[in-house]
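Please look over the sequence and the model shown below. The questions that follow go through the surroundings of a ligand and then the packing of helices.

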Amino acid sequence: MGLITAQNIYKDYQVGEVSLRALNDLNFEIEPASFLSFVGPSGSGKTTLLNLIGCLDTPTDGTLTVAGTDVVSLDRKQRAAFRGRHMGFIFQDFNLIPVLTVYENIEYPLIMVQNVPPEERRRRVLSLLESVEMTEQKDKYPDQISGGQKQRVAVARALVTEPELVLADEPTANLDSKTAYMIIELMKEMQRKSGTTFIFSTHDQKIVGAAEIIYTLEDGMIVDRKDTGGNAHV
Ligand code: ADP
Ligand code: MG
């Protein structure tokens, strides 16, 4: 059984009198330890879909199973708990907490959502700092580091709870293309090391080739699926 199974997923948004179909009958299965991308132009439904997989929103219709749980049937509180246990998130605008240091930003999810003893917290944070090559900057604040470095910290923060799944909605949209590529490569390296599934969205054809599986969205529908093995670099 896959890590994620989606069957006949629809998402409609009600805008005044008008109902807008953002996702139209999506069916897919995502295996554990995948490195996968949803690509498509602006408005094609990428954010809507990642929000469903990330249990931030619920579909209008369809079946969605994540890590063996029927997430459609969870209430708001259960969804929050499920996210904390199973998922890490990486954002387009990094979303680091400005008053916390690099170290503290990575440690934060462990303090918030999981009851991990201090020594184990320290071990995990130090190990991730090293993996994302940010050990030297660990006492700096977010406004003292570059955009690429902020996203490195965000990758570490997403992994500190040892989630099964990391979701990243256009994680490289605010980075220059060289840095964007490095962040995708870092995500891939972390995926290989940890076996965590990474799903990212992008509208940038240059970086999408790094994904091992590429789904193309158009007008809320999956119009293509490519299995590249991650070697379709352009
Ligand atoms: P993408 O992330 O690929 O740019 P989105 O998932 O944000 O696409 O949007 C898909 C479609 O749904 C678009 O037509 C968008 O205008 C619409 N949409 C997204 N969010 C909302 C919302 N909260 N209310 C109404 N329409 C929305
Ligand atoms: Mg979007």
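Q: Which elements each supply at least two residues of the shell around ligand 1?
A: Helices (H or I, at least four residues) and strands (E, at least two) are here DSSP runs, numbered from the N terminus, and a residue is near a molecule if one of its heavy atoms lies within 4 Å of it. The elements that each supply at least two residues of the shell around ligand 1 are strand 1 (4-15), strand 2 (18-30) and helix 1 (46-53). This is a predicted model, in which local features need pLDDT of at least 70, side-chain atom pairs count only at pLDDT 80 or more, and totals for chains, interfaces and linings use all residues. Residues are numbered from 1 along each chain as its sequence is written, chains are lettered from A and ligands numbered from 1 in the order in which they are written, and side-chain values use heavy atoms, with hydrogens and water left out.

Q: Which element gives the most to the shell around ligand 1?
A: The residues around ligand 1 include Lys 46, Thr 47 and Thr 48. With three residues, the element that gives the most to this shell is helix 1.

Q: How far is an oxygen atom of ligand 1 from an N or O atom in the side chain of Thr 48?
A: A polar contact is taken here as a pair of N or O atoms within 3.5 Å. An oxygen atom of ligand 1 is 3.2 Å from a polar backbone atom of Ser 44, and a backbone N or O atom of Gly 45 lies 3.1 Å from an oxygen atom of the ligand. For the side chain of Thr 48, the distance from an N or O atom to an oxygen atom of ligand 1 is 2.5 Å.

Q: Why is helix 3 described as roughly parallel to helix 5?
A: Axes are lines fitted to C-alpha atoms, for helices over the stretch in contact, and angles run from 0 to 180 degrees between N-to-C directions. Helix 3 and helix 5 (residues 147-159) pack with their axes 7 Å apart, at an angle of about 30°. Because angles under 35 degrees count as roughly parallel, helix 3 is roughly parallel to helix 5.

Conventions. A polar contact is a pair of N or O atoms within 3.5 Å; within protein, one must be able to donate a hydrogen and the other to accept it, and residues adjacent in sequence count only if both atoms are side-chain atoms. Angles under 35 degrees count as roughly parallel, over 145 as roughly antiparallel, 65 to 115 as roughly perpendicular and the rest as oblique.
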